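Student: I have a model open and want to go through it with you. Can we start with the metal site?

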Amino acid sequence: MKFLLLVTFAIVLAAVDLNQASPVKAPVSIDYMARLMPSDVEIKHVGGLDIDANDNMIIFHRGSRVWKADSFIGNEFNRQKYGVIDENVIEIIDANTLESRVSTGANQFYMPHGVTVDSDGFVWLTDVGLHQVFKYDARDFEKPLLTLGTKFESGSDSQHFCKPTGVAVSKSTGDIYVSDGYCNRRIAQFDKDGRFVRDIVDQEQPMFIVHSITLVNNLVCAASREDGRIVCFDQSTGKKVSTIQNEHMKTVYAIEYDPVNEVIQAVTGENHGQPSTGLTFDAAESNFGNLLSVWKPKHVNLAEVHDIAISYDGGRVFTGQLNGELDEFFFERKY
Ligand code: ZN
C-alpha cells in the first residue's frame, strides 16, 4: 500500500513538473519596438487593424466620430443627431515605410469597428452603427462585393446583426464567421456566398460582448470581452471545445491567432484595477490555452487597445488604440 501511494505521489509530481516545465521548453519573448507615426495620414480612434501578406496595414478608424452616450438610442444609431462620417476612415499604409497607399472611405460609415483581410486579400469591415458587415476588393472600397445584415436595423436572425464587431474567414471552406457583437451573444456563421449556416453560442455561459474573433486551425475563437474569456468552438459543428481564462485577463478586447508561432495574442482593456496587458497563450494542441507570457511595455499604456494584428511572418505584433495610437512589438518563440 505504501509503495502504491509512493508511486501515485511520484506520478502526480511528474505531472505537475511537466506542466511547470512547458513554458521553459517553449520560451517566448515580446519586445516593444516603436510607436508608429504615419506622417501623411491622420489616424484617430482606431476601430480595427489588420495586415495583409505584403505588409500592408489596413486601419479602419472613426475619424472625428466618438462613441458617446447619445450615439445610440437603445441599440439603434442616433441618426437624428449624427450623420455619416465625412472623413476618410480606411487607411492602408506600408507597415515598413509607413507610407500611405490608400486613403478612402469618406461618406460611407457611421461607427467603424472591425477589419479583417482574408487569405485571398479581400477586406471585411463591420460598422456597429449600420449593423452590417461588408466584403471589399482591396482596390475598390466604393461598392462592397457582399453585404450581410440590414442597414440601421438591429436584430438577431439570419438577416440582422446587433452591433457586429469582427469577421474571420476560413481559408479552406470560405465560411464567414461574424462576432455579433455588443448586443447579441453569438458568432453567426455563413457560407462563402453569404448564406446563413448557424448561430454558434456558449450555452453554459453566454458570451458577454463578443468583441473579437479569430480562427485557430479547426476552431473559431471569440473574445467574450466583459467576462475576460476566449471561447473556442469547432468550426464545422459549432460545439464549444475550449475556454481560455486567466487571472490577468479580467476583460479581453482583441485576439489574434499567429499560425507561425502557434500562439494566440490577446490584449485586455479595462482590467478591473489591473493595468491593461498583452497576453500570449499557447495554441499548440498539446498545450492549448496555457499562458506563455504577460507583456506590459514600460512606456506604453495599452488601456485603449481596440484591435491587434500580426504580420504574416509572425514576428511583428501591432496594436491599435481608440486614442489613435499604433504600436509595434517584436515577438519570438524559441522552440
Ligand atoms: Zn469595440
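**Metal site, pockets and disulfides**

Tutor: Four residues coordinate the zinc ion at 2.0 to 2.1 Å: His113 (NE2), Tyr182 (OH), His211 (NE2) and His306 (NE2). Donors here are N, O and S atoms within 2.8 Å of the metal (3.2 Å for Na, K and Ca), and water is not among the atoms, so sites may look incomplete. This is a predicted model, in which local features need pLDDT of at least 70 and side-chain atom pairs count only at pLDDT 80 or more, while totals for chains, interfaces and linings use all residues. Residues are numbered from 1 along each chain as its sequence is written, and side-chain values use heavy atoms, with hydrogens and water left out.

Student: What is the geometry of the zinc site?

Tutor: Irregular, with angles of 99 to 147° among the four donor atoms. Four donors count as tetrahedral if all angles lie between 85 and 135 degrees; four count as square planar and six as octahedral if opposite donors are over 155 degrees apart and all others between 65 and 115; anything else is irregular.

Student: How are the donor residues spaced in sequence?

Tutor: The spacing is H-x68-Y-x28-H-x94-H. His211 is in strand β16 (residues 210-216) and His306 in strand β24 (residues 305-310), so this pair ties together parts that are 95 residues apart in sequence. Strands (E, at least two residues) and helices (H or I, at least four) are DSSP runs, numbered from the N terminus.

Student: Are those two histidines buried or exposed?

Tutor: His211 is buried at 3% relative accessibility, and His306 is buried at 4%. Buried means under 20% relative accessible area, exposed over 50%, and partly exposed in between (1.4 Å probe, protein chains only).

Student: Which residues lie nearest its centre?

Tutor: Of the 37 lining residues of the largest pocket, Val117, Thr214, Leu215, Glu256 and Tyr257 lie nearest the centre. Strand β16 gives the largest share of the lining, six residues. By class, the lining has 17 nonpolar, 14 polar and six charged residues. Ala, Val, Leu, Ile, Met, Phe, Trp, Tyr, Cys and Pro count as nonpolar, Asp, Glu, Lys and Arg as charged, and the others, Gly among them, as polar.

Student: And the second largest pocket, how much space lies in that?

Tutor: About 240 Å³. The second largest pocket is lined by 17 residues, and Asp52, Asn54, Asn56, Val117 and Gly121 are the closest to its centre.

Student: Now the cysteines. How many disulfides does the count come to?

Tutor: Two, where a disulfide is a pair of cysteine sulfur atoms within 2.5 Å. One joins Cys162 to Cys183, with S to S 2.0 Å. The other links Cys221 to Cys232 at 2.2 Å.

Student: What handedness do they have?

Tutor: The S-S torsion of Cys162 and Cys183 is about -90°, so that disulfide is left-handed. The link of Cys221 and Cys232 is right-handed, with 110° about the S-S bond.

Student: Which of these cysteines are buried, and which partly exposed?

Tutor: Cys162 is buried at 3% relative accessibility, whereas Cys183 is partly exposed at 28%. Cys221 and Cys232 are both buried.

Note on methods
On a 1 Å grid over the protein atoms alone, a cavity is a set of points where a 1.4 Å probe fits but cannot get out, and a pocket is an open set with protein on both sides within 12 Å along at least five of seven lines; lining residues have an atom within 4 Å of a point. Grid points are joined across faces, edges and corners, and a volume is the space filled by probe spheres set on the points.
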